[in-house]
Amino acid sequence: MTDTLAEWERAEVARANDTDRTPVVFVHGLWLLSSSWQSWRDLFEDLGYVTLAPGWPDDPATVQEAREHPEAFARKMVQQVTDHYLDAIAALDRAPVVIGHSFGGLIAQKIAGVGAASVTVAIDNAPFKGVLPLPASSLKSAAPVLTNPANAGRGVTLTWEQFQYGWVNNLSQEEGRRLYDTYHVPAAGVPLFQAAFANFNPFGGETQVDTKNPERGPLLIIGGEKDHTVPLAITHASYKLQSKNPGVTEFVTIPDRGHSLTIDSGWREVADTALTFIDRFV
């Protein structure tokens with residue numbers, strides 16, 4: 001195992017290897033910590049899987065600590081984070097199921113693209129190189145970061161109003177505010193710049209995904225119908241590129257759901273959709 005893993009992440013790997021259960025690796029995206037997957041982990045564990053939810057490299061341990069130290073998130077780049085998850089996966093005794101949300105959905109597809117996942121579910125994934133649509137709502141959601149080039153080297157916190165537009169636009173203000181207070185943390189600005197300019201980089205950049213690898217395995221892409229941050233145009237364009245792979249590739253739209261669909265009160269519908277797909281191949 002490499003040195004990029006924290007002691008608690010090593011312990012999660014060891015726990016997975018001590019069982020004969022299929023491991024499931026959860027990959028979070030920007031503005032969340034790995035603890036945001038706890039409800040999903042409990043469900044999957046109850047159904048016979050063993051779960052891991054590594055953080056991004058050097059993530060603070062708690063939401064409170066994260067809010068007090070936004071600088072801890074600065075300059076975390078897509079490939080660095082992907083390699084961190086690949087380190088955890090390489091230490092497992094068997095190839096895991098990988099589930100990712102937002103930038104975690106992009107990273108999950110990068111992991112699948114190198115043949116390291118047995119089954120992959122990408123939920124409201126950030127765009128990778130070759131995904132061309134840039135809907136207005138996505139640009140508005142990213143504007144708090146992209147309008148200031150200095151944010152490429154910072155950890156950026158969303159205001160409540162920015163979170164409300166980008167994440168919880170389909171929810172009541174009461175539920176949206178609860179999610180903001182419970183889960184929202186600063187996020188690295190640089191991955192948004194990497195994704196925004198990937199199609200202008202002749203060398204592909206760090207958001208490139210190998211969609212053609214025949215060892216990619218089955219892939220499900222889930223899109224929230226009302227997502228402002230990653231609208232259906234982005235997830236569907238991702239699916240169209242991935243559907244050229246010889247492996248099973250499927251797309252599901254979750255009606256009336258925004259970017260918070262993995263943590264809000266309707267998370268179970270999304271989790272069950274993922275489980276139905278995964279259970280076909282595990």
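Val248, Phe281 and Val282 make a nonpolar surface patch of about 210 Å² in this predicted model. Look for Val282 in the segment after α11, the helix spanning 267-279. Its relative accessibility is 47%, so Val282 counts as partly exposed, the range for that class lying between 20% and 50%.

From the surface, let's turn to the sheet. Strands of a sheet pair through backbone hydrogen bonds, either parallel or antiparallel. Here the sheet is open, with 6 strands in the order β2-β1-β3-β4-β7-β8 and parallel pairing. β2 (50-52) and β8 (249-254) stand at the edges; each has a single partner strand, so one side of each is left without a neighbour in the sheet. On average, neighbouring strands of this sheet are turned by 15° against each other, direction ignored.

α2 lies across β1, β2, β3 (97-101) and β4 (119-123), and runs at about 155° to β2. Helix α10, residues 232-242, lies across β7 (219-224) and β8, running at about 165° to β7.

Is Trp37 buried or exposed? With 2% relative accessibility, Trp37 counts as buried, because the cut-off for that class is under 20%. Leaving aside residues up to four places away in sequence, Trp37 touches Phe26, Val27, His28, Ala53, Ile99, Gly100, His101 and Thr262. Lys240 is 203 residues from Trp37 along the chain, and their C-alpha atoms are separated by 28 Å.

Conventions:
Residues are numbered from 1 along each chain as its sequence is written. This is a predicted model: local features need pLDDT of at least 70, side-chain atom pairs count only at pLDDT 80 or more; totals for chains, interfaces and linings use all residues. Side-chain values use heavy atoms; hydrogens and water are left out. Patches are made of residues with over 30% relative accessible area and no salt bridge: like charges are joined within 9 Å, nonpolar side chains (Val, Leu, Ile, Met, Phe, Trp, Tyr) within 5 Å. Accessible areas come from the Shrake-Rupley method with a 1.4 Å probe; for residues, only the protein chains shown count as cover. A salt bridge is a side-chain nitrogen of Lys or Arg within 4 Å of a carboxyl oxygen of Asp or Glu. Helices (H or I, at least four residues) and strands (E, at least two) are DSSP runs, numbered from the N terminus. Buried means under 20% relative accessible area, exposed over 50%, partly exposed in between (1.4 Å probe, protein chains only). Contact means heavy atoms within 4.5 Å. Two strands pair if DSSP finds at least two bridges between them. Axes are lines fitted to C-alpha atoms, for helices over the stretch in contact, and angles run from 0 to 180 degrees between N-to-C directions.
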